[in-house]
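Hi everyone, thanks for coming. I'd like to walk you through one model today, so please have a look at it with me.

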Amino acid sequence: FDMYGVTAAHKTLPLGTVARITNLENNKSIILRINDRGPYIEGRILDCSYGAAVKLDFVTNGTTNVKIEVIEFGDGKYMHHK
């Protein structure tokens, strides 16, 4: 996990999924990869890395309303090793 990277955790989307995340408060969006499970706080649908929160401009507030658009579903594996 790289807190400065642009990644997120989601409870059900397959690991490796690429999604556009839009902050509905300011309309800023980024494309990131789901690489972890969570969040484990009721009512939350996504945990963004610090780097993603910076780019989406909600670090000060800590949370924001987002829209998630899947670009490509992952295969459920975080890393592939040969």
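Let's begin with Thr22, which is buried because its relative accessible area is 8%; buried here means under 20% relative accessible area, exposed over 50% and partly exposed in between, with a 1.4 Å probe and protein chains only. Before going on, a word on the source: this is a predicted model, where local features need pLDDT of at least 70, side-chain atom pairs count only at pLDDT 80 or more, and totals for chains, interfaces and linings use all residues. Residues are numbered from 1 along each chain as its sequence is written, and side-chain values use heavy atoms, with hydrogens and water left out.

Back to Thr22, which sits in strand β2; strands are DSSP runs of E with at least two residues, helices are runs of H or I with at least four, and both are numbered from the N terminus. Leaving aside residues up to four places away in sequence, Thr22 touches Asn27, Lys28, Ser29, Asn65, Val66, Lys67 and Glu69, a contact being heavy atoms within 4.5 Å.

Strand β2 covers residues 18-23, and Ala19 lies in it too. Is Ala19 buried or exposed? Ala19 counts as buried, because its relative accessibility is 0%. Its contacts, again without residues up to four places away in sequence, are Ile30, Ile31, Leu32, Ile68, Glu69, Val70 and Ile71. Ala19 and Glu72 are 53 residues apart in sequence, yet their C-alpha atoms are 6.9 Å apart in space.

Now let's zoom out. How many helices and strands does the protein chain have? There are one helix and five strands, and from the N terminus on they run β-β-β-β-α-β. Of the contacts with a separation of 6 or more, 72% join residues 24 or more positions apart. Buried residues make up 35% of the 82 residues. The C-alpha atoms fill a box of roughly 40 × 25 × 20 Å along the principal axes.

Finally, which residues line the largest pocket? They are Gly43, Arg44, Ile45, Leu46, Asp47, Cys48, Phe58, Gly62, Thr63, Thr64, Asn65 and Val66. A pocket is an open set of points on a 1 Å grid over the protein atoms alone, where a 1.4 Å probe fits, with protein on both sides within 12 Å along at least five of seven lines; lining residues have an atom within 4 Å of a point. Asn65 and Val66 in this lining are also among the contacts of Thr22, which brings us back to where we began.
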